[in-house]
Amino acid sequence: MPLELSGLTKTYSKDGSGFRLLPIDLTIETGEFFCLLGPSGCGKTTVLRLIGGFETPTSGKILLNGKDITQLPPHKRNLHTVFQRYALFPHLSIFENVAFSLRLKKLGRSEIEERVSEALKLVQIEDLRDRRTDQISGGQAQRVALARALVDRPEVLLLDEPLSALDPELRVKMREELKALCKKVGLTFIMVTHDQEEALQLSDRMAVMRDGQCLQVGTSKTIYEDPVDPFVARFIGQVNEITGDLFGDSPETYFLQSSLGNFRIKKNGHPLNKRLNLILRPEKMRLLRQRSQVQENLIEGSICDLTYLGSRTEYTVKVKDATFKVFEQELERLKKRKLNVGDNVYLTWRTEDAILLNSPNS
Amino acid sequence: MRRSNPFVTTIFYIAILLLYTPLLYLILQTFLVNPNNLKSGFTLSWLIKLFQSPSLWEPLITSLEIGILSASLAVTVGTLGAVGLVEFASFLPPPIQSLIMLPIMLPEVITGLSLLLFFLLLRVELGFATVVIAHASFSASFVYFIMLEQLKKLDPQMAEAAQDLGAKPHQIFWKVTLPNIIPGLMGGWLLAFTLSFDDFLISFFTSGAGLTTLPLKIYSLMRIGVTPELNGLSFLMICISTFLVLLLVSKEQSRKWVLRG
Amino acid sequence: MDSKATTSKQIPVTALVFIGWLFLMTFLPFLIILGMSFLERTPLGTISFHFNFNNYARSFQYIYLKVLFKTVWLALIATLSCLAVGFPVAYHLARSKGWMKQLGLVLLFIPFWTNFILRIYGLVSLLGNHGLINQILLSLGIITSPLEILYTRTGVYVGLLYNYLPFLVVPIFSALEKLDPSLREAGFDLGANRFQVFWRVVIPNIKEGLFVGSLFVFIPMLGEYVIPDLLGGAKEAFLGNVMVSQFFVMQDWPFGSAMAGLLSALMLMTLWIQTRWSKTSGLRGGSLNA
């Protein structure tokens with residue numbers, strides 16, 4: 001059964017800064033790994049805290065399995081949180097930290113023993129059970145926090161930037177484990193993060209947020225390939241942008257008229273004579289050593305910087321007063337003529353790879 | 001980079017030496033046959049006399065009792081305040097802030113006199129109880145600040161984590177908050193005890209005729225003139241104080257307050 | 001967006017216990033003494049509830065003004081002496097390293113946790129006619145009759161210096177600690193010698209610490225009672241001593257209360273200057289061309 005947020009809002013009126021969470025409607029399916037992604041201050045943590053019960057919404061409802069939990073205090077909601085800094089209890093051992101919720105429920109000693117051991121085993125830290133919290137590493141603390149939240153068998157696990165306190169190497173490793181854990185326990189995971197790579201890798205679906213507003217909800221692929229907003233496009237992955245006006249001389253062909261030239265675009269719902277942003281992903285663009293037969297979607301420029309990264313090379317191409325990023329896969333050795341800074345090149349792309357979005361200023 | 005210059009270093013060591021001279025001299029006097037004559041030879045008789053004279057033991061017991069009771073009272077009140085105000089501490093209205101600072105800022109002579117007037121107006125008989133209350137009235141604020149610092153160091157997520165795991169408000173306090181502020185409680189108690197044990201002026205005003213604390217006893221002996229027992233007593237008190245300081249310094253939470261006096 | 005900002009939560013009962021306690025046990029007695037200062041003592045020695053400002057007017061008579069000025073003056077000289085001794089001490093501590101620094105600080109403070117009265121007694125037995133100083137000087141033949149130190153103004157200065165020194169060392173020490181060591185290095189690097197670095201880099205950056213620290217000892221000195229009482233003679237009475245004698249010798253509580261009000265006002269004023277100064281000095285801090 002899903003977790004539903006309907007028309008959820010939250011208004012802060014602290015010192016007049018007036019943060020607002022605009023109405024959010026979301027349905028998160030059982031067993032789904034869902035990410036709330038956005039820059040700091042976008043309201044993603046607020047959403048998580050509203051679900052966790054640490055804040056009360058200004059309006060709207062939260063339904064868990066059809067049951068309204070909006071007004072319930074945290075300890076009466078069947079969901080648990082993994083905190084950003086883990087918030088392990090320093091006065092308790094690892095075992096007692098994990099056993100905390102079970103002890104509050106006054107379960108029998110053997111059952112506690114059994115369930116804690118099971119939880120510790122699940123996150124592979126059975127050997128740490130008698131340590132103190134200051135005797136374990138950051139990665140281990142993360143596992144304790146997970147075990148502590150899972151031991152009580154919640155329906156939903158909330159994770160507040162759980163990986164941000166770890167060093168980069170460990171962070172990448174833990175991503176895989178988190179994903180595997182989610183599938184293994186079959187629970188709904190809702191994770192807050194500002195790391196787009198993390199969200200892309202982990203989530204089944206994600207919501208991209210900005211300024212208290214949910215901009216787009218979808219799978220990683222949808223968000224990356226078909227962003228609905230220039231902000232979403234820029235926030236996830238790198239982009240090249242061309243701003244121009246839409247015009248068409250026939251019902252079949254539309255063009256974007258810009259200072260860099262006219263480019264053909266795929267027909268979609270945009271009205272004519274509208275100011276639009278053409279968004280191009282660097283890996284979807286190609287560099288041509290010389291002017292080819294292709295006449296469409298061609299820009300002439302010169303390479304002003306290049307970085308060889310092994311599997312690919314990243315070029316920065318200067319076109320008039322704009323710069324473009326182009327990633328080229330190093331597919332075959334020596335196949336292509338080597339390019340150097342200062343070389344003249346032509347940029348091109350396939351019409352269907354271009355993303356057309358409303359210009360934010362229009 | 002060069003180290004401190006010798007002039008500065010010399011002043012430092014002379015200052016430290018001078019700070020200890022009066023106390024070391026008191027200790028030395030305890031063992032002199034004639035405390036006012038360095039050449040009179042050494043004896044242990046004054047110390048032995050001290051242990052035999054009940055008139056000096058009684059004030060010590062009184063001081064200890066007052067210290068224990070007032071420290072416990074101050075810790076209770078101060079901790080309640082800190083627990084309640086920790087969330088608001090940084091944006092308390094100025095009148096409340098001033099109220100909390102008042103016992104620390106007010107000169108002791110005014111604190112003492114105003115409490116005396118207060119007790120007289122209420123027709124409370126001066127004595128043991130008034131001294132205990134008076135001591136707790138000024139040390140509660142010190143305890144408050146120690147506890148506040150300790151509580152601020154607690155990760156606020158920890159209380160939320162406990163709540164998230166099913167703890168009710170009172171369970172959060174007993175099972176999570178309290179076990180984590182015990183070091184601060186102990187430091188605060190020791191500080192309050194030391195403040196009470198050391199206090200002269202406020203006891204002077206609020207004790208009435210019948211009650212004599214150790215500092216009051218020393219004061220009255222001083223007024224009479226230097227007596228050898230007084231030196232023995234000094235020796236004993238220096239030992240107690242040194243022990244207390246070392247205990248306080250060993251507690252990180254209160255170290256800062258030791259260095260503020 | 002933290003939880004504390006969300007709602008105007010009400011102050012919990014536990015805090016009210018504390019606030020109520022402070023109100024009842026500190027503020028109310030203080031109010032009583034303030035109220036008393038506007039009343040009058042009848043010739044019979046009772047207190048008449050006749051509201052007036054006579055006590056305050058009386059405080060401005062020459063003999064009481066003289067006490068007021070003497071209190072301020074002695075406290076000022078004692079503060080400057082503390083500064084003169086405290087600065088090198090703090091400077092040395094700040095330049096010490098590791099455990100030496102810790103040990104130095106602890107050494108500085110241990111005497112202050114022995115009983116206050118005992119410390120005074122230590123000074124009395126040191127400075128008295130039969131005290132250590134006079135004994136040594138007499139036996140060395142430097143003097144023929146004992147030096148009068150105790151029960152003079154010098155006695156008061158020694159007492160104040162002895163008892164307040166560490167409280168000035170600490171603020172100077174923390175100001176010096178906060179000073180970025182690379183500032184000094186930059187000073188040397190730009191061609192200043194040790195002396196110039198000290199006056200043009202170190203001092204301008206810690207002058208606020210010096211000022212605030214000085215007031216930190218100056219203010220409580222104004223309210224001093226025991227030190228002038230036990231180490232100074234009758235001529236060296238501070239405002240506090242005159243106040244207490246109004247209560248216990250003259251039995252004139254309303255007038256004594258007025259002096260308490262005056263003393264509080266004096267301290268409050270100094271405190272106000274301090275806070276004002278620390279607010280404005282933020283703009284001037286760190287300028288090199290001072």
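**Helices, sheet and domains in a predicted model**

Modeller: Let's start with α3(B) and α8(B), which pack at an angle of about 135° with their axes 8 Å apart. Helices here are DSSP runs of H or I of at least four residues and strands are E runs of at least two, numbered from the N terminus; axes are lines fitted to C-alpha atoms, for helices over the stretch in contact, and angles run from 0 to 180 degrees between N-to-C directions. This is a predicted model, where local features need pLDDT of at least 70, side-chain atom pairs count only at pLDDT 80 or more, and totals for chains, interfaces and linings use all residues. Residues are numbered from 1 along each chain as its sequence is written, while chains are lettered from A and ligands numbered from 1 in the order in which they are written.

Colleague: Thanks! Which term describes how α3(B) and α8(B) lie to each other?

Modeller: Angles under 35 degrees count as roughly parallel, over 145 as roughly antiparallel, 65 to 115 as roughly perpendicular and the rest as oblique. The angle for this pair is about 135°. α3(B) and α8(B) are therefore oblique.

Colleague: And how many charged residues does the contact of α3(B) with α8(B) have?

Modeller: Contact means C-beta atoms, placed from the backbone, within 7 Å. Among the residues that meet are B:Ser63 and B:Gly67 in α3(B), and B:Trp189 and B:Phe193 in α8(B). Ala, Val, Leu, Ile, Met, Phe, Trp, Tyr, Cys and Pro count as nonpolar, Asp, Glu, Lys and Arg as charged, and the others, Gly among them, as polar. The contact has 10 nonpolar and 7 polar residues, and the number of charged ones is none.

Colleague: Which helix gives the largest share of the side of chain B that touches chain C?

Modeller: Here 67 residues of chain B are in contact with 64 of chain C. Several helices of chain B each supply at least two residues, including α3 (54-85) and α8 (169-198). The largest share, 14 residues, comes from α1(B).

Colleague: Over in chain A, which strands stand at the edges of the sheet?

Modeller: The open, mixed sheet has 6 strands in the order β6-β7-β8-β3-β9-β10, where strands pair if DSSP finds at least two bridges between them. Two strands have a single partner, so one side of each lacks a neighbour in the sheet: β6 (79-82) and β10 (213-218) of chain A.

Colleague: Finally, how far apart do the C-alpha centres of domain 1 and domain 2 of chain A lie?

Modeller: The bounds, from an automatic or database domain assignment, are 3-234 for domain 1 and 238-358 for domain 2 of chain A. The centres lie apart by 39 Å.

Note on methods
Two residues are in contact if their C-beta atoms, placed from the backbone, lie within 7 Å.
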